[in-house]
Amino acid sequence: MEEKYIDKIKEFSYGKTYTVLTMGCQLNENDGEKISGMLECAGYTKTSDLSKADVIVFNTCCVRENAEDKLFGKLGEVKKYKEQKGTIIAIGGCMMQEEHIVKKIKTSYPFVDVIFGTHTLQNFLKDLYNAIIENKKIEDILDIDGEVIEGLPVAREDKIKASVSIMNGCNNFCTYCIVPYVRGRERSRNPQDIYDEVLLLAKKGYKEITLLGQNVNSYLVSERAKNKDLSYKVEKENGEKEEVYSFATLLRLLNSIEGIERIRFISPHPKDFTTDVIEAIRDCKKVCKLIHLPLQSGSTEVLKAMNRKYTKENFLSLVEKIQKEIPDIEFSTDIIVGFPGETEEDFTNTLDVVSKVKFEQIYMFIYSRRVGTVADKMENQIPEEIKHSRFNRLKELAEKIIAEKNTEYVGKVIDILVEGKSKTNDNMYTGRTETNKVVNFEGTDENIGKIVKVKIVSEHMWYLKGKII
């Protein structure tokens, strides 16, 4: 970020407001916090009212087709604000790395002022300044992998939990996924920068961090492929130095930071889930004993077509290995229903894995074709009615398992990180278990940001009810 543009924009930003609309995953949300941080450094104030915003930024995702529909619908909505008051409209994020999307925006939505990609986020204030002062239409997109940019300001709304990106890009090229094409190859952040960021969050009172990456357990793998002896001596707050050369050693480093109570991470890849990572989760008390382990499909044949590089048996063996080392571990997962060529037998294998693992949470998705991916060109696409039927069957099984697992919590006393008041009941407070279950209970504002012991008194499908003891 070029500092000079902060002062330049401040000359006319007094009293002006902005809105950032983020679509997609937690990595997108992390980018959205950086966009907000830059705008607030430049003098803008956040508003949730689109009609009052002087700058509207769309932070896009391209993983699923409905994200495109949402963006184009919103662009139609904000066009009137552009016409009425000259609102600056900017679009960034993954979708802007897709040539056909950029072309459609320039053709069908010519009122958009700034288009920027995933590799040029740090240029946003410069692009904004040129759009406002020089009245230019700005297109700032790189087709090559960008550098890891440090030092961008971050504006976080949550004061208890924070996400911290540890790497960008992906090298896996799953056939259904567009991410490697829009986020580029894997680039890991320097562990000193990650440590310093988490340490600062701890000093600000944050209690929980989530480490982000397309494939977090590949942290530093690409770098070590070029230099097998690569390692970093991270200087800790007490002056001691700790060696970091892998995801496992990073977890151990962050586990030592006082003030941080919980550490989560998403998303790992099953093929890269090494023994040292399992042992780090086992040994580090702050690392939550809930592992998000994306399955995608329980069929070995479908997994091969997806280019996932593991089999059904590999996945189940990994689960068993982790459970042996960490008996109280729980799992969540991602599953895609209706991938091209998926037969009834393939889908039955997915149901079989779900029945055996008994996931704590399942994020289910109907396969969505993405232009530019290998799977989009496959001829054996599954009819929509079959995809939806299978999705409903998986949903029914998942909810049955969740209901059974919820009953196991009743009567137990569990540590809950209190996040604040319930969104649906002002008389109740809400927090989460280490396994990410939502728990509602009576409490006080003094509990917010603290870990309290709560006895679970009843279970409901999507939350538990408890009582502080």
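Which element gives the most to the lining of the second largest pocket? I looked it up: α7 does, with five residues.

**Ground rules.** I am working on a predicted model, where local features need pLDDT of at least 70, side-chain atom pairs count only at pLDDT 80 or more, and totals for chains, interfaces and linings use all residues. Numbering runs from 1 along each chain as its sequence is written, and side-chain values use heavy atoms, with hydrogens and water left out.

**Pocket.** I used a 1 Å grid over the protein atoms alone; a pocket is an open set of points where a 1.4 Å probe fits, with protein on both sides within 12 Å along at least five of seven lines, and lining residues have an atom within 4 Å of a point. The second largest pocket holds about 700 Å³, a volume being the space filled by probe spheres set on the points, which are joined across faces, edges and corners. I find 32 lining residues, with K34, I149, L152, V154 and E197 nearest the centre. α2 (26-41), β7 (161-165) and α7 (191-203) each supply at least two. Helices (H or I, at least four residues) and strands (E, at least two) are DSSP runs, numbered from the N terminus.

**Cysteines.** I searched the whole structure for disulfides (cysteine sulfur atoms within 2.5 Å) and found zero. The sulfur of C25 lies 5.8 Å from that of C61, its closest, so the gap is too far for a bond. C174 is also in no disulfide; the sulfur of C177, the nearest, is 6.1 Å away.
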